[in-house]
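Please examine the sequence and the structure shown below.

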Amino acid sequence: MADTEQVSVLDPEAAAAAAVLDALNGTEALNATVKFVATTEGTALAYGSLVLMALLPIFFGALRSVHCSKSKELGDNDYHSGFRNASDMPETITSRDAARFPIIASCTLFGLYLFFKVFSQEYINMLLSVYFFGLGVLALAHTLSPLMSRIFPASFSNKQYQLLFTQGVEESKEEIVNYEFDTKNLLCLVIGAVVGVWYLLKKHWIANNLFGLAFALNGVELLHLNNVCTGCILLGGLFVYDVFWVFGTNVMVTVARSFEAPIKLVFPQDLLERGFEASNFAMLGLGDIVIPGIFIALLLRFDVSLKKDSRTYFYSSFLAYIFGLGLTIFIMHTFKHAQPALLYLVPACVGFPVVVALLKGELTELFRYEETPPEDTAVKEESETEKKDQ
């Protein structure tokens, strides 16, 4: 399916936009130009690439979340020799957070809708581009940091730096910013900045994807569900949120058409014909990657907690994600109608592991698994230290 902006969609927001425009315009583009018809090879390449790009941050983000979780338990902030600051530590999502998230997301979505209705779209997107430039540079630097640590030899002169910003003097001095980094981190920042400038100037789809992959991987790595019940609440709530805002109103349609930011992965269907200057994109929203991804990462950490050689729950949920995403593409093309991906991903990613747990007789263990938030771990360590001192 294609809309007047020549974008084929998997993402529910943009999918709904395309569906509405196709319904209004039939087979003719609004600008009366000839609409590009993607070849079978081009469509297969685009959707296959999107599926592959979606799997990469989930797989590697889940693996890094295990390392991150172990370091959290040990109180080690520098868990992969990267930037040492509080933002590198995982954020634990509780059941209360999960229940609130669809409401907060709805308010944010409607707020953006009002902004785009009242203010100029050009200026809003200019501000968003600058904002996501900063976030993207940091996210890409954080993603590349472990890779740089492996590339450079041990003999490499790696100097340490610290960015410290305080408020007050002497006893009343309070740290506002305390950022520690090294030469390798600076190189990562330079690479991220180059990609960021490329994105700001050209809005090229490759630069967009580099930022999008970094955002997705960091999300899966650093957003931790505290238990399976919380994951079910979050996925269930966003399942309803997705269906309501896509099919119940035109709010998500308007925002999806107006919002220009690296919050999606894109791949051109006309790459074979036009090369890197292609412009007919298929796309997948990052929400359809990160939301199921953090649940899959939780199941991997549960596998690790069982202290067995197998990773049954991780692989079953990972395969479920592939199945759900493939089903979304199949139904979209069969019925020629846009489909919200979470409509199929949520039942698959939750249902497959539950069935596996039932077959293995581990359903109780699965739902009893609990992760301790970082702040609770810190309090526990302080308490144990005080007892030793006494």
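A residue is called buried when its relative accessible area is under 20%, exposed when it is over 50%, and partly exposed in between, as judged with a 1.4 Å probe on protein chains only. The model is predicted, so local features need a pLDDT of at least 70 and side-chain atom pairs count only at pLDDT 80 or more, while totals for chains, interfaces and linings use all residues. Residues are numbered from 1 along each chain as its sequence is written, and side-chain values use heavy atoms, with hydrogens and water left out.

The interior comes first. A nonpolar core is a set of buried Ala, Val, Leu, Ile, Met, Phe, Trp, Tyr and Cys residues joined through side-chain atoms within 4.5 Å. The largest such core has 85 residues, and Leu 50, Ile 289 and Tyr 321 touch the most other members. Helix α10 (residues 287-305) is the greatest contributor to this core, with eleven residues; helices (H or I, at least four residues) are DSSP runs numbered from the N terminus. Contact means heavy atoms within 4.5 Å. Beyond its neighbours within four places in sequence, Ile 289 is in contact with Ala 54, Pro 57, Ile 58, Ala 216, Leu 265, Leu 284 and Tyr 321.

Helix α10 also packs against helix α11 (residues 312-335), at an angle of about 160° and with the axes 7 Å apart. Axes are lines fitted to C-alpha atoms, for helices over the stretch in contact, and angles run from 0 to 180 degrees between N-to-C directions. Angles over 145 degrees count as roughly antiparallel, and α10 and α11 are therefore described in this way.

The charged pairs remain. A salt bridge is a side-chain nitrogen of Lys or Arg within 4 Å of a carboxyl oxygen of Asp or Glu; the count by this rule is five. One of them joins Arg 64 and Glu 221, at 3.2 Å from N to O. This pair links distant parts of the chain, since Arg 64 lies in helix α2 (residues 40-74) and Glu 221 in helix α6 (residues 205-222), 157 residues apart. Arg 64 is buried, with a relative accessible area of 16%, and Glu 221 is buried at 0%.

Another salt bridge joins Arg 301 and Glu 371, whose closest N and O atoms are 2.5 Å apart. Arg 301 belongs to helix α10 and Glu 371 to the loop between α13 (363-368) and α14 (374-389), so the pair ties together parts 70 residues apart in sequence. Both Arg 301 and Glu 371 are buried.

Key. Helix = DSSP H or I, 4+ residues; strand = E, 2+ residues; numbered from the N terminus. Parallel < 35°, antiparallel > 145°, perpendicular 65-115°, else oblique.
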